[in-house]
Each structure stands twice: as C-alpha cells, then as structure tokens.
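Dear colleague,

Please find below the structure that I am handing over to you. My notes on it follow directly after.

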Amino acid sequence: MAGDGAVIWVEGLTFGFGGPNPVLEDVTFEVAPLDFACVIGPNGGGKTTLLKLVLGLFEPSAGTVRVLGSAPVRARHRIGYMPQFAAMDPRFPVRVVDVVLMGRLGPRHRAGGYSRADRQAAAEVLERVELAGLERRPFADLSGGQRQRVLLARALVSDPELLLLDEPAAGLDQR
C-alpha cells in the first residue's frame with residue numbers, strides 16, 4: 001500500500017459540510033516518522049477540519065486518510081490531540097487533574113477509576129507544563145494560557161505515538 005511507514009498519509013482528500021463548495025479539495029500529503037509538520041492558512045481555511053479528518057471525527061467525501069498504518073478511527077487511541085480551545089460550561093465542576101486524566105481514557109482503560117500509574121503520569125506531565133500544584137483547581141478558574149497548558153498535558157499524558165496540536169500557542173506567553 002502507498003504510504004507504508006508514514007505516520008499520516010492523505011491522498012485525494014475532499015471534504016465539505018454539505019454546501020456547494022468543499023472546505024478541502026484534492027488534498028494529498030504524507031508525514032514521515034519523527035517529522036514535524038505545520039499547517040498554515042487563513043481562518044476558515046480548513047486547518048481544524050483537516051485535523052478532525054486525521055482523527056477520524058469526520059469522514060471524507062472522497063480520498064483516503066491513513067494514520068499510523070490504519071484508518072483514523074482505529075489509530076485514535078495512539079494519538080494525543082490538543083484542540084484549539086475547550087468549549088465547556090464553566091459551571092461544570094471539573095478540576096485540572098480530571099481534565100488531564102481524560103487523556104488516559106481509551107480502549108485499554110478499565111472501568112473503576114484511574115490507577116496509581118495514571119495519577120503519577122498526570123502529576124509528571126503537569127510538572128512538565130509548569131502547572132504542578134494546580135491539580136485540584138477548577139479548570140474554569142484558569143486563565144486562557146493555563147487552560148491551553150492543561151489541554152497540552154491531556155494530550156501528552158498517554159505518551160502518544162502522534163501528537164496533533166490545533167493552535168497550541170494561542171493564549172500562551174512566548175516562553
């Protein structure tokens with residue numbers, strides 16, 4: 001199969017939301033292992049839509065998407081994803097650690113709560129993003145930049161094979 005060995009392989013991808021003009025049309029590219037790729041374009045240009053196609057959240061109207069050698073839906077548990085922003089009700093009582101631990105959920109996660117290893121991984125990644133000590137703080141009480149770092153921690157906590165970041169620097173200080 002073409003694209004063998006590619007982390008992401010896209011050929012002839014077309015996608016639209018039902019209107020007369022597709023958001024993406026005949027997109028072809030591949031990302032090799034250990035590559036760093038950046039998608040640049042105007043607002044509304046389809047960057048987030050492309051990421052959602054790679055995640056398997058949308059189905060293309062034409063073309064093929066392969067991620068880590070599989071259909072996107074089958075590879076999703078091997079991907080760390082940081083959305084552009086977290087749309088959530090600020091009254092929803094979720095703490096920083098709860099958001100990060102969501103990154104440990106997946107097909108291998110068993111019912112009955114998080115393990116000691118899950119909690120240790122969350123603590124370590126919060127340290128890496130310089131948010132140690134805020135584990136019990138409500139997510140809604142954080143600044144925009146702190147929320148971005150929590151979402152990055154959630155993407156990193158599963159030790160993913162592929163990391164997809166949608167506008168990761170939005171709201172962050174340059175450092």
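The model is predicted, so local features are reported only at pLDDT of at least 70 and side-chain atom pairs only at pLDDT 80 or more, while totals for chains, interfaces and linings use all residues. Residues are numbered from 1 along each chain as its sequence is written, and side-chain values use heavy atoms, with hydrogens and water left out.

The sheet

Helices (H or I, at least four residues) and strands (E, at least two) are DSSP runs numbered from the N terminus, and two strands are taken to pair if DSSP finds at least two bridges between them. An open sheet is formed by three strands in the order β2-β1-β3, with antiparallel pairing. Because β2 (24–31) and β3 (62–67) stand at the edges with a single partner strand each, one side of each has no neighbour in the sheet. On average, and with direction ignored, neighbouring strands of this sheet are turned by 15° against each other. Axes here are lines fitted to C-alpha atoms, for helices over the stretch in contact, and angles run from 0 to 180 degrees between N-to-C directions.

Strand β1 (residues 8–15) is joined to β3 by five bridges, and Trp9 stands opposite Arg66 in β3. Helix α1 (residues 47–55) lies across β1, β2 and β3 and runs at about 120° to β1; contact means heavy atoms within 4.5 Å.

A parallel pair is found elsewhere: four bridges join β4 to β5, with Ile79 opposite Leu162 in β5. In a regular strand the side chains alternate between the two faces of the sheet. Leu162 and Leu164 make up the covered face of β5, and Leu163 and Leu165 the uncovered one.

Salt bridges

A salt bridge is counted when a side-chain nitrogen of Lys or Arg lies within 4 Å of a carboxyl oxygen of Asp or Glu. By this rule there are three salt bridges. For accessibility, buried means under 20% relative accessible area, exposed over 50%, and partly exposed in between (1.4 Å probe, protein chains only).

Arg78 and Glu161 meet through their side chains at 2.7 Å, N to O. Arg78 lies in the loop between α2 (72–75) and β4 (79–82) and Glu161 in the loop between α5 (144–156) and β5 (162–165), so this pair ties together parts that are 83 residues apart in sequence. Arg78 is partly exposed at 25%, whereas Glu161 is exposed at 52%.

Arg104 and Asp118 form another, with their closest N and O atoms 2.8 Å apart. Arg104 is in the loop between α3 (96–101) and α4 (116–128) and Asp118 in helix α4, 14 residues apart. Asp118 is buried at 7%, while Arg104 is partly exposed at 26%.

Arg95 and Asp98 also meet in a salt bridge (3.1 Å, N to O). Arg95 is partly exposed at 26%, as is Asp98 at 22%.

The largest pocket

A pocket is an open set of points on a 1 Å grid over the protein atoms alone, where a 1.4 Å probe fits and protein lies on both sides within 12 Å along at least five of seven lines; lining residues have an atom within 4 Å of a point. The largest pocket holds about 790 Å³ of space, a volume being the space filled by probe spheres set on the points. Its lining comprises 27 residues, of which Ala37, Cys38, Leu163, Leu164 and Leu165 lie nearest the centre. At least two lining residues come from each of β2, α1 and β5.

With kind regards
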